[in-house]
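Please read them with the structure open.

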Number of protein chains: 2
Amino acid sequence: MKKLVECIPNFSEGRDKKKINKICRAITNVKGILLLDVESDPAHNRSVITFAGEPNVVLKAAFQATKTAAQIIDLNHHKGEHPRMGATDVIPLVPISGITMKKCVKLAQKLGEKIGEKLKIPVYLYEKSAKREDRKNLANIRKGEYEGLKKEIGKIADRNPDFGPKHMGKAGATVVGAREPLIAYNVNLDTQNIKIAKAIAKKIREKDGGFKNVKALGFELKDRGITQVSMNLTNYKITPPHIVFDAIKKEAKKYGVEVLESEIIGLIPQKALIKEAKHHLKIKKFRNDQVLENILKKKIK
Amino acid sequence: MKKLVECIPNFSEGRDKKKINKICRAITNVKGILLLDVESDPAHNRSVITFAGEPNVVLKAAFQATKTAAQIIDLNHHKGEHPRMGATDVIPLVPISGITMKKCVKLAQKLGEKIGEKLKIPVYLYEKSAKREDRKNLANIRKGEYEGLKKEIGKIADRNPDFGPKHMGKAGATVVGAREPLIAYNVNLDTQNIKIAKAIAKKIREKDGGFKNVKALGFELKDRGITQVSMNLTNYKITPPHIVFDAIKKEAKKYGVEVLESEIIGLIPQKALIKEAKHHLKIKKFRNDQVLENILKKKIK
């Protein structure tokens, strides 16, 4: 089986199409890259690009994208709903096939070292690649965001990067690491009251005693006059979308607020979709091969 | 694109593994056949075999299976919950890729003619291949089942077959036709009272004023001491599983009966799974390419 790694870097630009395209091109110019998805959010002022390929090819594309983002994004002039600390804010690497998590952990370290040394950008290792327990969680590393970290880096030892300089330029700092596949999942609320979205996010996220493997933040979607509970479900086998959807619905009701809709950002493994259908229809047994497309694919090979 | 037809013949044997295997082998012995699924139900005493391949290959395999079933199944000694009229009860053909419904309609006619002439089995064309309006619906053709039809065939002109002899042997008669992909979907009820399952089936099926594109029957699952609403959803885009699941749940409640679980028999198109997840999670926009496996498959090609 071909070795396949997925990479889902987040860039601090979600409005300027030209700049987003420039970063995409830096990725697709690398031979062997499969560009899977580009999702830009103007309110967050952030883009999530998903691509895959063989390990070294992915490493090269991630480096080129980070280099390009550093040239065209200035964190001193960046405003958006989503917390951020770098032009390339975070680079997760996910093992897809023919490669272990352990190998991906090393790949992320290699990438981080290269970004630190060649681009002179401070790099922090997170998730499975973290070298310190407290750096497993991205939120701990990103505390204070670009502005806050800029003041503390090089001064507070605890905040120094794993690779690169102990000071930040306009490209900020970048977080790199290997992790399990996650589902980026948002639930939109029919209220302008950001306090409600934030309170619900707090209630459901693991950090504050909520569901396992759930990260959640409350955001305003000003252009639509609504709010959003924006989540990362870092293990859908333990906490699938319907668990948080139902919980948010129930919490919102306490405030007299309705759930408007939900959205999957980027990609979702097919198994997660099957899990949803199984839950809602009370289906006990179901094999992946019962999906027509799967069994056909398997048999045609 | 390769021409691909799916064939889902139903055989009146769901208990004797040896006989079922014999029929399977008749299919897989044909070169180029992709065997996709075999589902045997002892209570129904019926097996559903799903396979695919190029048009002529599928035609050959369907013919061989019908021939084998006629040799080893005797309808005079067949008992099961499910209505039936032939050893090979029904042979649906479904266009999958690179082939039109029109072509499939003709393919079914060719298959029916061959079965009638060579195997001396009466054949009725149904669904899209039907030559008479009243034969579009399988239930009309199968009225009275094997025993009833045996008495009327050759005597009542209206009941004469489209191909083959106007009398029946122990292999009964076979229904052949092209149709849209369907979802075989069962909902199990926590009651032994077959009247409730039958009443709910009647309430939800199209024939009696229920949901569009829904066929439904009530069955007893004696071994488990429960009952079942067994359905064919002949167009999941119009009536998806959750519509009938919710309706059955609501109807059952009126009798104080709970829905135990549901089951997908055989295959389900991935789009139907996506539709379920979208409905339950109130997801407005979702592209097929957001399924990780889909976009990877597309890009790797």
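**Notes on the model**

1. A:Lys60 sits in helix H2 (residues 55-72) of chain A. Helices (H or I, at least four residues) and strands (E, at least two) are DSSP runs, numbered from the N terminus. This is a predicted model, in which local features need pLDDT of at least 70 and side-chain atom pairs count only at pLDDT 80 or more, while totals for chains, interfaces and linings use all residues. Residues are numbered from 1 along each chain as its sequence is written, and chains are lettered from A and ligands numbered from 1 in the order in which they are written.

2. Is A:Lys60 buried or exposed? A:Lys60 has 20 other C-beta atoms within 10 Å and is therefore buried. The cut-offs are 20 or more other C-beta atoms within 10 Å of a residue's own for buried, 12 or fewer for exposed, and anything in between for partly exposed, with C-beta atoms placed from the backbone. A:Asn160 is 100 residues away from A:Lys60 along the chain, and their C-alpha atoms are separated by 25 Å.

3. A:Lys120 is not a glycine, yet has a positive phi of about 55 degrees; its place is in the loop between helix H3 (101-119) and strand E6 (123-125) of chain A. A:Lys120 counts as partly exposed because it has 14 C-beta neighbours inside 10 Å. A:Glu145, also other than glycine, has a positive phi near 55 degrees and lies in helix H5 (residues 145-152) of chain A. With 17 C-beta neighbours inside 10 Å, A:Glu145 is likewise partly exposed.

4. Chain A has an open sheet of four strands in the order E9-E10-E8-E11, with antiparallel pairing. Strands count as paired if DSSP finds at least two bridges between them. E9 and E11 of chain A are at the edges with a single partner strand each, so one side of each has no neighbour in the sheet. On average, neighbouring strands are turned by 20 degrees against each other, direction ignored.

5. Strand E9 (residues 214-221) of chain A is largely enclosed by the rest of the structure, because six of its eight residues are buried. E9(A) pairs with strand E10 (residues 226-233) of chain A over eight bridges in the antiparallel sense. Across this pair, A:Val214 has A:Leu233 as its bridge partner, and A:Ala216 stands opposite A:Met231. The hairpin has four residues between the strands, and A:Gly225 in it takes a positive phi near 65 degrees.

6. H7(A) lies across strand E8 (183-189), E9, E10 and E11 of chain A, at about 20 degrees to E8(A). Axes are lines fitted to C-alpha atoms, for helices over the stretch in contact, and angles run from 0 to 180 degrees between N-to-C directions.

7. Where do the two chains meet? Residues in contact, meaning that their C-beta atoms, placed from the backbone, lie within 7 Å, number 36 in chain A and 37 in chain B. On chain A, the elements that give two or more residues to this side are strand E3 (34-41), helix H7 (241-254), strand E11 (259-265), helix H8 (270-280) and helix H9 (292-300). H9(A) gives the largest share, seven residues. The side of chain A that touches chain B has 21 nonpolar residues (Ala, Val, Leu, Ile, Met, Phe, Trp, Tyr, Cys and Pro), 10 charged (Asp, Glu, Lys and Arg) and five polar (the others, Gly among them).

Methods
Two residues are in contact if their C-beta atoms, placed from the backbone, lie within 7 Å.
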